[in-house]
Amino acid sequence: MSSQDHPSGRLIKAPENFISPEGVRTVFAEAKAGRRNFVRGAFAAALAGAAVPSALAQANPVPTEGGDPNILELPAHSKGLGQAVATDGYGKPSKYESNVQRRPSPGLTQTTQASVSFAPLQSLFGIVTPSGLHFERHHQGWWDVDPSKHRLMINGSDDKMLKKPLVFTVDEIMRLPSVSRFHFIECGANTGMEWGNVAVPTCQYTHGMLSCSEFTGVPLKILLDMAGVDYKRGRYVLAEGADGSSMTRTVPMELIESGEVFVAYGQNGEMLRPENGYPLRLVVPGVQGVSWVKYLRRIEVGDQPYGAKDEAVHYIDLMPGGQHRQYSSTQECKSVITTPSGGQVLLDNGFFQISGLAWSGRGKVKRVDISVDGGQNWKTARLQDPVMSKCLTRFSVDWVWDGKPTIVQSRAMDETGYVQPNYKQLRAVRGTRSIYHNNAIQSWLVQESGEVKNVQLS
Ligand SMILES: Nc1nc2c(c(=O)[nH]1)N[C@H]1C(S)=C(S)[C@@H](COP(=O)(O)O)O[C@H]1N2
Ligand SMILES: [Mo]
């Protein structure tokens, strides 16, 4: 199909700017009662009030007669002298892109330190998340830690686990042989608000606890080898962060022996951002975000899982029948269409490129199928190179919207053959009361008005 055969559809971006700081405070104050309903209500009210003006402001229609002044009248930037080099020693995005922001979800948490901000997936291209837009999850606020004072200790749970406990400075870590790899990080609670029913309006909030970077660092195996770890005894490590949240997580030794787990200092070509764990964080590809311990200060080698608070009380899956599932760390195959997605408005019938992201904690994405009729028919999407293991993959498919209401969905498959489930399949196994590891197929309803809405098919 050629796009020339069809008029290209114009689209209004998702109105992510719609909740004022004051509105957010109000939502916080009232969020305690019936949280899910309240959050949904607040979004609906804010959308109704603010979406239309901001949407109109975004449009700059081309005049139908008299010529286009944007061409006919030379703008200042074509006539005058531009700004000097290094006006800004560290460059920033265009002022016209100021609504592309990571955002907290109103009413989700009681404090802003033990909280989360969501990456604006609907505004991003390709697979890399700009570091300043990387989602954040802090249990006790973030710190800008002085790297000259930061230390990483390697010790054993007893004398037999390793020959010699070691302490590294950041400089010492940075002298060692390094790797740079692209990986996604997804919080196990991503899409968690949607377990029971539809809760939030846009893909920033449904899927934005997801980001992807090129991380640089030293394989943890190298550090453990230097300490003379006994790999027969030491089958687990405990990773500990330096912030006040006492974040500690068990990582099985197989993952470390495979060479995949590394102690990162780099993110997208520069040092890690403070919000993301500067100066050192653990990268555990494919595993839920909580194990990617930030401000990493200690690795203890032991012979059994540690059952730390963030493994015994939090980050466990509530299963049907009152069962709990512990240590379900892998992020299973998942995908989401980012255009068109909730909160956006399609202004015309005609050609659109459907585009989105797919990922799997078990390896490469093998295939993504798209349905534009609520799951009756599926068409295989294009995967954009590079397709990398445990990394986001960008997919797209050409689509001509006939103006009728329809539901668009994406369904990813990974190289193990695992297929992303729909909500019915997922709930049959997992019930509806969990928070973590919701990887169900996302449905976006394109209404006749062109407005796109988050819906769930039962
Ligand atoms: N030290 C420390 N590490 C931490 C956390 C934290 O609060 N403190 N949060 C964890 C959780 S739950 C997630 S999802 C990821 C989030 O990483 P990000 O903030 O870089 O997106 O960091 C993990 N590592
Ligand atoms: Mo998380």
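Two residues count as in contact here if their C-beta atoms, placed from the backbone, lie within 7 Å. Keep that in mind while looking at the structure above, which is a predicted model.

**The nonpolar core**

Let's start inside. The largest nonpolar core has 90 residues, and Val261, Val263 and Leu282 touch the most other members. Strand E19 (residues 350-359) supplies the largest share of this core, five residues. Both domain 1 (137-325) and domain 2 (334-455) put in at least three residues each. As background, nonpolar side chains in soluble globular proteins tend to be buried together.

What is valine 261 in contact with, once neighbours within four places in sequence are set aside? The list runs Leu220, Val251, Leu255, Ile256, Leu282, Val283 and Val284.

Ile256 from that list deserves a stop of its own. Isoleucine 256 sits in helix H8 (residues 253-257). Is isoleucine 256 buried or exposed? A residue needs 20 or more other C-beta atoms within 10 Å to be called buried. Isoleucine 256 has 25 C-beta neighbours inside 10 Å, so it counts as buried. Leaving out neighbours within four places in sequence again, isoleucine 256 is in contact with Leu220, Lys221, Leu224, Val237, Val251 and Val261.

**A three-stranded sheet**

Now for an open sheet of three strands, ordered E2-E3-E4 and paired antiparallel. Strand E2 (103-104) and strand E4 (136-138) are the edge strands, each pairing on one side only. Strand E3 covers residues 115-118. Here is how the pairings go:

| Strand pair | Sense | Bridges | A bridge pair |
|---|---|---|---|
| E2 and E3 | antiparallel | two bridges | proline 104 and serine 117 |
| E3 and E4 | antiparallel | three bridges | serine 117 and glutamate 136 |

**Around ligand 1**

Strand E4 turns up again at the ligand. Which element gives the largest share of the shell around ligand 1? That would be E4, with three residues. In total, 21 residues surround ligand 1, and the closest are His139, Cys187, Gly241, Gly289 and Lys294. By residue type, the shell around ligand 1 splits into eight nonpolar, eight polar and five charged residues.

Terms used: Residues are numbered from 1 along each chain as its sequence is written. Chains are lettered from A and ligands numbered from 1 in the order in which they are written. This is a predicted model: local features need pLDDT of at least 70, side-chain atom pairs count only at pLDDT 80 or more; totals for chains, interfaces and linings use all residues. Two strands pair if DSSP finds at least two bridges between them. Helices (H or I, at least four residues) and strands (E, at least two) are DSSP runs, numbered from the N terminus. A nonpolar core is a set of buried Ala, Val, Leu, Ile, Met, Phe, Trp, Tyr and Cys residues joined through C-beta atoms within 7 Å. A residue is buried if 20 or more other C-beta atoms lie within 10 Å of its own, exposed if 12 or fewer, and partly exposed in between; C-beta atoms are placed from the backbone. Domain bounds come from an automatic or database domain assignment. A residue is near a molecule or strand if its C-beta atom, placed from the backbone, lies within 6 Å of it. Ala, Val, Leu, Ile, Met, Phe, Trp, Tyr, Cys and Pro count as nonpolar, Asp, Glu, Lys and Arg as charged, and the others, Gly among them, as polar.
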